[in-house]
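I opened this notebook to keep track of what I looked up, beginning with a single position and then turning to the whole chain.

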Amino acid sequence: MSADFTLSVLDNAFTGHGITAQESLAEVVALARTAEERGYQRFWMSEHHGMPGAATSSPQMMLARLTGETSTIRLGAGGVMLPNHAPLLVAEQFGMLDALAPGRIDLGLGRAPGTDHATAMALRRHHEANDHFPQQVEELVGFLGDDFPAGHPYAAVHAVPGPWQAAENGVAPAAGPELWILGSSPHSAQLAAQLGRPYAFALQFGGADVLGAMKIYRDNFQPSRHLAEPHTLLSVSTVAHDDPQEARRQARSGAMAMLRMFQRKPFSLLTPDQVDAYRASPQEQEVIASYTANTLHGTGAQVGEGIERLNEQVQADEVMLVVTGHSRQVLRRTLELVADHFGM
C-alpha cells in the first residue's frame with residue numbers, strides 16, 4: 001500500500017551498552033544508505049551531549065560524511081540546539097554542507113540543550129540562553145540570507161559559503177539549507193508560523209498536545225518567500241521486528257534509558273536482557289510502561305498501521321520514524337519492514 005504522507009528517518013546515533021562509538025557511527029552510515037534505497041524522504045540526526053547512549057554531539061560532522069555516502073535523500077539536523085551555538089557558526093557550517101550536497105540539506109532548529117543541566121551550563125555559559133531563542137533564529141536567518149537591514153551590527157558580517165561570497169565571486173547563489181522549526185509546544189508552533197517555515201513536532205518525548213500545537217501553527221501561518229502554505233512533520237519513536245516480542249524488548253530498552261534520566265542517571269541504552277533483569281519499583285514500572293507504549297512497536301504491519309492511525313488524527317504532511325532500540329541491526333530492520341508495509 002502507499003501512504004498519503006511522506007516517510008522520513010531520524011537517527012540519534014544510539015550507542016547501546018557493549019557497542020563502541022565507531023561501531024555505532026558505521027551503522028549510521030549503513031542506515032542512511034538503507035533509508036535512501038528504500039525511498040525515505042529525509043535522514044536527520046539529532047544533537048546530544050554527555051550521554052553514553054548517543055554519539056552525535058555534532059550532527060553537522062556526521063552529515064558531512066553522509067553527503068558522500070548518499071546521492072538523493074535529503075540530509076539534515078533534527079536538530080541543532082541553537083542556544084548551544086553562535087548563529088554565525090551554524091550558518092557557516094550549513095553553508096558548507098549545502099555546497100557539498102546542493103539542494104539536499106535541512107537545518108532543523110531546537111531550543112532544548114540536548115543534555116543534563118550541568119553539561120548545558122558548560123555549553124551555554126549563561127542561564128538566559130533559552131530565553132533568546134527567537135532572536136537567535138532571527139540572527140541565523142539574517143546570516144543565511146545575508147540580508148540584515150542597514151545599520152544592523154552584523155550588516156557587514158558574512159557567512160561563508162553563502163550569498164555574499166557568491167556575489168563577490170560573480171556566481172549564482174546557492175538555494176541554501178531548508179530551515180525548520182522543531183518543538184513540542186505552542187511556543188515553537190507559533191514561532192514557525194510567524195516565520196513562515198515548516199514545523200516538526202517531536203511526539204517521541206511524551207504526551208504533549210500535538211493537535212493543539214498543529215492547530216496553532218496552521219491557524220497562524222504567515223506565507224513567506226520560503227513557504228507558501230503550512231508544512232508539518234510529526235516524529236514518533238518506532239521499532240519494528242519480524243518478532244513482535246523482540247520489538248517490544250527493544251522498545252523497553254529505550255524506555256529504560258528515559259527512566260534513567262528521571263533518576264538523574266546517564267542516558268544509557270541497556271540490553272533487553274539487562275532491562276528484563278532490573279527490579280523496578282511500581283512507580284518505575286509505570287514510567288517504563290508509559291515510554292514503551294509511546295513507542296510504536298511490533299511487526300512491520302503493526303507499526304505501519306499505528307503510523308496510519310496516528311496521522312489520521314494529526315494530518316501531518318510527513319511522518320519521521322525516530323528509530324529506537326539497543327540493537328543497531330533492529331533499527332535497520334525497522335526501516336525495511338515499514339518500507340515493505342507502505343510498498344516503498
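I looked up Asn311 in this predicted model and found that Asn311 is buried, because its relative accessible area is 5% and the cut-off for buried is under 20%.

Next I turned to the protein as a whole, and I counted 13 helices and 9 strands in it.

For the overall dimensions, I noted that the C-alpha atoms fill a box of roughly 65 × 45 × 40 Å along the principal axes. I also compared the radius of gyration, 20 Å, with the value near 20 Å that a compact globule of 344 residues would have, and the two agree.

I looked at contacts between residues at least 6 apart in sequence, and recorded that 73% of these join residues at least 24 apart.

The protein exposes about 15300 Å², of which carbon and sulfur atoms supply 52%. I listed 24 positive and 37 negative side chains, and I noted that the centres of the two sets lie 5 Å apart.

Notes: Residues numbered from 1 in each chain as written. Predicted model: local features only at pLDDT ≥ 70, side-chain atom pairs only at ≥ 80, totals over all residues. Heavy atoms only, no water. Helix = DSSP H or I, 4+ residues; strand = E, 2+ residues; numbered from the N terminus. Rg over C-alpha atoms; globule rule 2.2 N^0.38 Å. Contact = heavy atoms within 4.5 Å. Areas by Shrake-Rupley, 256 points an atom, 1.4 Å probe, with all protein chains shown as cover. Lys, Arg positive; Asp, Glu negative; His and termini not counted. Charge placed at Lys NZ, Arg CZ, Asp CG, Glu CD. Buried < 20%, exposed > 50% of the residue type's maximum accessible area, 1.4 Å probe, protein only.
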